[in-house]
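Dear colleague,

I am passing the structure on to you below, and my notes on it follow.

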Amino acid sequence: MAEAIVELRDIRVLFPVRSGNLLPGRPQKVVTAVDGVSFQVFSGEILAMVGESGCGKTTIGKTILRLIEPTQGEIWFRGEDITRVKKEQLRKLRSKIQVIYQDPYESLDPRQSIFDILAEPLMIFSPEISRSEMESRVISALEATGLLPAREIAERYPHHLSGGQRQRVAIAASLILEPDFLVTDEPVSMLDVSIRAEILKLMLDLREKKGLTYLFITHDLSLAWMISDRILVLYLGKIVEIGDAHSVIHDAKHPYTRALVSVIPLPQPKHDRQQIILEGETPSPIDIPPGCRFKPRCWLWKELNQPEICSQLEPGLKGNGSSEHSYACHF
Amino acid sequence: MLLQVQDLAIQFTSKAGIVHAVEGVSLELAAGEVLGLAGESGCGKTTTALAIPRLLPRNATVLNGKVLFEEEDLLQKTDSDMERVRWSKISIVFQGSMNALNPVINIGDQIAESITYHEPGVSKSEIKERTAQLLEYVGISPNRIRSYPHELSGGMRQRVLIAMSLTCNPKLVIADEPVTALDVMIQAQILNLLKTLRDKLDLSMILISHDLSVIAETCDRVAIMYAGKVVEQGSAEDLFGNPCHPYSTGLLKSFPNIYSQREFISGIPGYPPNLLDPPEGCRFYDRCPSRMEICQQVEPKSIFTSKGHQVACHLFQEKPHG
């Protein structure tokens, strides 16, 4: 197996809640956004992180980028604990770990030309390079992301470009410092469906050519199944299942994953599959249920006549014969 | 037929010029049916749907066409007659559950408002009873009747919007992207709710979505729009089982299906044409993988390839049908 490029060890992220209660001595409420998450991302892979809104997937992404400080735990990047590095080192690391956000209408500064958007990271991280080298790197980043003719595009502003082109600019900007690892947070959800394939294909091509590794954050399970090597499923800040993409979808073990997979809308009418529709919504991460956090919505728990253990003990991740697919359920 | 839209053409006046948003759109909807309007942003699906209850913005002009609802042309009705059609015959679940509700009025009062407006004279106690019942229909506990929109989740707000659309027992409900931006599980809950309500209340529906999977899960018939035109229309089985128009085929291949081969989605390279100056000939010409010379010059007419299955593409020729 390939080496791990990124490893999270028991990461917890808590946010204090502004309760409007200014009296001292009252207990401060906290949101447990991420609650003890450990996983590795292997060099060259695409690991998809899926889950519903509020499950902590974006928070984990931002924690790896150190845009959010973890309350507890370590994040290792290429053999170094990056939760402890100092400011100057962190700057260096930032060039190796980059991000692509969801909304290319908001992630690009409308007042900068495409050239300036792409040149800015270079000016910050390698102020010593010459103007001509800067130009050639900007042009080649545009070319690598299929923004042609590159010289013409470089002079334009974001509002001149379509959504797909803007997302290409965002990708070019994230690649200009030649990172090893990319966190992509819903990179195609804002784009029209017919454009998505091109952007995803570009991401795959760049993995081949530049040896990139991706953490691919998405709420779309069928997309995760199609593009990723492995899938990680989160529920209320904890991993409920992780494994090979195909087996997580087609041989899902955790009752939550099984329910999610059963309701993926399919582009074919009149199929006869049994949908497991969970009632209610994900509970608030302020009051996480004791024992198994999925229990209050768990259909399997009801089917098994409400076993005691689910209320008493939080299930850990356990293997499924092979260590490559594990899930957190007592059953 | 409950609804027949015939040869509808709509344009918008904007600073940049005249946008030819919808041209030559014809649709049919039988009572009890769910029609899906599919297509990407800017294809004219919302514009077409809003033209039915005459709710287009002021800068829009209907140039041509008929909207026959129960055999009456809605476009010929006076404004006050139209008010009697809206909500009591045709209602809408507007797009964007986050913005479609008034943040400073509780949900009970918002639902009650449409009853008071459209059915003056209904007693207060009856309004209260009906509001509570509507909330129950859509799966919200009636004791939340005094909740404000910000106290509800996205899924719950969508349920409130659905309840609002049902206040005056309409025959036709138009739902504009009712599950977009909702989580998968909530999406399934809402789609299920729509199916249940349709059976229980004997509704006809027009469901607008860019997501063909959502359309496939819920619709009996489907119309696919591209750049202001309907390019293909037919039963869901025909459209998903035997798509004809190259745009439909391409769009279908843009959605991964976890129960088929695990292959990469193909997408459609390029962008839709600018509707300020739509091209002559077929509007899909620039992006079409099967384009021919004729396509650039002559606009394809919509023809039947089989009973109930229409396509507007030069690759297909009319077959006799009975």
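How much accessible surface does chain B have, and what share of it belongs to carbon and sulfur atoms? The accessible surface comes to about 14500 Å², with 49% belonging to carbon and sulfur atoms (Shrake-Rupley method, 1.4 Å probe; for residues, only the protein chains shown count as cover).

Please keep in mind that this is a predicted model, in which local features need pLDDT of at least 70 and side-chain atom pairs count only at pLDDT 80 or more, while totals for chains, interfaces and linings use all residues. Residues are numbered from 1 along each chain as its sequence is written, chains are lettered from A and ligands numbered from 1 in the order in which they are written, and side-chain values use heavy atoms, with hydrogens and water left out.

The C-alpha trace of chain B spans about 65 × 50 × 45 Å along its principal axes, and 54% of its 322 residues count as buried (under 20% relative accessible area, with exposed meaning over 50% and partly exposed in between; 1.4 Å probe, protein chains only).

Asp7(B) touches Gly24(B), Val25(B), Ser26(B), Asn64(B) and Gly65(B), leaving aside residues up to four places away in sequence (contact means heavy atoms within 4.5 Å). The C-alpha atoms of Asp7(B) and Ser114(B), 107 residues apart along the chain, are separated by 32 Å.
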